[in-house]
Amino acid sequence: MNFPEVALTHLDNLWFQVSGTLCNIACTHCFNNSGPNIRTFGFLSLEKVREEVESAARGGVKEIFFTGGEPFLHADLGDMLSFSLRHAPTTVLTNGMLINDRIADRLAQIERSANYSLEIRVSLDGYTEQMNDAVRGQGVFRQALAAVARLSQRGLLPLVTIVRTWGDAEEISTLEAFSSTLRAAGYARPRIKVLPALPLGRELERSADTPTDTLLTDDMLEGFDHDLLMCSNSRLVTDRGVWVCPLLVEKPDARLGSTLADSSPSYALRHNACVTCYHYGTICGNISSLIEGPAAQPESDTGRLS
Amino acid sequence: MTRLALFGGIYSNYCALETALADARRRKVDAVYCLGDMGAFGPYPDRVYPFLHEYGVQCIQGNYDNSLAGGLADCQCGYTDPRDNHFARISYNYTFRNTSEENKSWLRTLPSSLSLQVEGCRVLLCHGSPRKMNEFLWESTSPDAFLEYLLGQSDADIICVTHSGIKWHRPLARDRHFINVGVLGRPENDGKMNVWYTLLSIEGSVVEVEFIPVDYDFQRLAADMKAESLPKEFIETITTGWWTTCLEVLPHKERARGRF
């Protein structure tokens with residue numbers, strides 16, 4: 001079977017799987033099966049991060065992301081964020097549980113001294129302790145809210161990310177409930193980003209009725225805006241090499257090389273997960289930098305002055 | 001020396017447009033450019049077009065104009081937040097209903113970008129970015145190297161964009177510049193009611209960028225908006241200078257500077 005091939009148009013988004021698959025919790029919907037003692041992928045060194053940030057910056061990278069596992073398990077994360085922010089706006093995806101007062105102080109200091117935006121994305125899966133901890137584990141709700149409050153007290157506005165588990169009719173009321181919870185916890189100006197549930201990893205076992213037999217075809221991509229596909233604008237650096245995107249990190253065929261410089265420039269979309277971008281767009285990025293929508297026409301009229 | 005006045009995002013704010021154009025005329029600029037999004041947000045969308053024609057403003061299409069011209073169902077603003085989309089729908093439906101067929105036809109004739117040669121400088125004007133009409137280019141999320149990549153891709157020395165709603169200027173290596181010219185349609189989320197346009201002066205390789213504050217009769221605009229039953233959240237932005245909608249597209253630094 002021929003799978004549609006998508007080339008990297010430009011490396012807009014550089015991802016680091018900085019703590020590998022090591023996490024301090026094991027969420028029921030985790031798409032890359034991270035958890036305590038899970039070392040499918042290991043930690044990245046500060047040196048490796050520096051090298052690849054510089055390599056990507058030479059090509060004009062637009063945005064840099066740190067994910068895991070739980071990135072704050074990595075002792076060098078602060079130095080990595082500082083270095084990254086010298087080159088590009090930087091986002092870290094966390095469950096928030098390890099953000100104590102000392103780390104919150106450091107993050108605030110890093111943010112203040114950077115020209116580019118630092119986004120701290122804290123995951124939450126319910127607006128009550130019962131709802132959230134059923135997915136993320138006992139005690140996680142309180143610790144995540146405490147982290148959000150600590151950041152807010154220091155002038156940081158974390159982006160709270162929530163996996164969508166409700167229907168259209170409940171959209172506004174659910175988001176209002178999340179906002180109320182966050183405000184009550186001490187976050188006066190809550191920012192929320194909603195993500196779709198991904199039919200991957202533990203989520204696949206959890207929601208057995210999720211369709212998984214869909215693959216992308218050339219016909220589906222005919223006339224489709226390739227900018228919506230992460231593989232056209234993103235790459236993921238891990239301790240085992242460069243992957244096409246964060247969602248496919250468990251697929252060995254999605255490894256494109258050992259460094260950004262020597263990675264294959266294109267990838268054949270052969271996994272069910274590839275349909276996620278087709279349906280939802282580049283959900284992993286931040287709203288502020290999405291490039292969906294009408295293209296600027298390359299042929300421009302020419303006006304002439306003096 | 002050549003001096004250009006540039007602005008974007010009129011958002012039906014005909015009061016600010018009239019004031020800005022009169023100011024640019026007083027300054028005897030050589031040409032005036034609008035980088036798109038004539039409608040949205042404000043009242044009586046048809047009122048901006050006579051000013052654009054009277055002052056000979058050269059215009060390109062923004063995403064809003066592209067939608068109105070093509071009869072599309074939404075504004076292609078690029079929002080993903082449900083509340084932002086809710087207000088965008090109200091605004092687009094009102095603007096679509098109240099824009100004449102004649103003006104929609106005129107919007108259809110506009111190019112999506114303009115390449116100028118100004119005193120040997122290659123200047124590209126576009127709405128969002130050279131590659132996407134609705135890409136948000138914020139100051140805090142546009143690294144130098146990324147902007148240099150866009151300039152290189154476009155064979156330009158200066159690129160001017162709008163769309164995001166907040167002005168900025170980045171001088172780059174080899175006398176190149178990237179400018180977000182700001183918008184006339186609503187204030188900059190800084191608690192001040194004025195809006196902004198941009199004066200670009202080019203003399204040989206010397207480029208100067210000056211942002212000009214436009215103090216206009218915002219009370220008149222607010223009264224019109226109220227008369228047209230536009231959302232009170234929109235009116236609040238005009239009368240307080242703080243954004244109350246479209247907040248979720250803001251990156252951290254720009255959001256932290258605002259009130260909401």
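Let's start with one pair: Lys62(A) forms a salt bridge with Glu135(B), and their closest N and O atoms are 2.7 Å apart. (A salt bridge here is a side-chain nitrogen of Lys or Arg within 4 Å of a carboxyl oxygen of Asp or Glu.) This is a predicted model, where local features need pLDDT of at least 70, side-chain atom pairs count only at pLDDT 80 or more, and totals for chains, interfaces and linings use all residues. Residues are numbered from 1 along each chain as its sequence is written, chains are lettered from A and ligands numbered from 1 in the order in which they are written, and side-chain values use heavy atoms, leaving out hydrogens and water.

Now zoom out to the whole interface. Between chain A and chain B there are 5 salt bridges, and 18 residue pairs, both at pLDDT 80 or more, are in polar contact. (A polar contact is a pair of N or O atoms within 3.5 Å; within protein, one must be able to donate a hydrogen and the other to accept it, and residues adjacent in sequence count only if both atoms are side-chain atoms.) On the side of chain A that touches chain B, the elements giving two or more residues are β5 (118-124), α6 (171-184), β7 (191-196) and β12 (301-304). These labels come from DSSP runs, with helices (H or I) of at least four residues and strands (E) of at least two, numbered from the N terminus. β12(A) gives the most, with 4 residues. By class, this side of chain A has 20 nonpolar, 15 polar and 12 charged residues. (Nonpolar means Ala, Val, Leu, Ile, Met, Phe, Trp, Tyr, Cys and Pro; charged means Asp, Glu, Lys and Arg; the others, Gly among them, are polar.)

Next, look inside chain A. Helix α1 (residues 46-58) and helix α2 (residues 77-87) pack at about 10 degrees, with their axes 10 Å apart. (Axes are lines fitted to C-alpha atoms, for helices over the stretch in contact, and angles run from 0 to 180 degrees between N-to-C directions.) That makes α1(A) roughly parallel to α2(A), a label for angles under 35 degrees. The contact residues divide into 6 nonpolar, 2 polar and 3 charged.

On its other partner, α2(A) meets helix α3 (residues 101-112) of chain A, their axes coming within 10 Å and crossing at roughly 10 degrees. So α2(A) and α3(A) are roughly parallel too.

Terms used: Angles under 35 degrees count as roughly parallel, over 145 as roughly antiparallel, 65 to 115 as roughly perpendicular and the rest as oblique.
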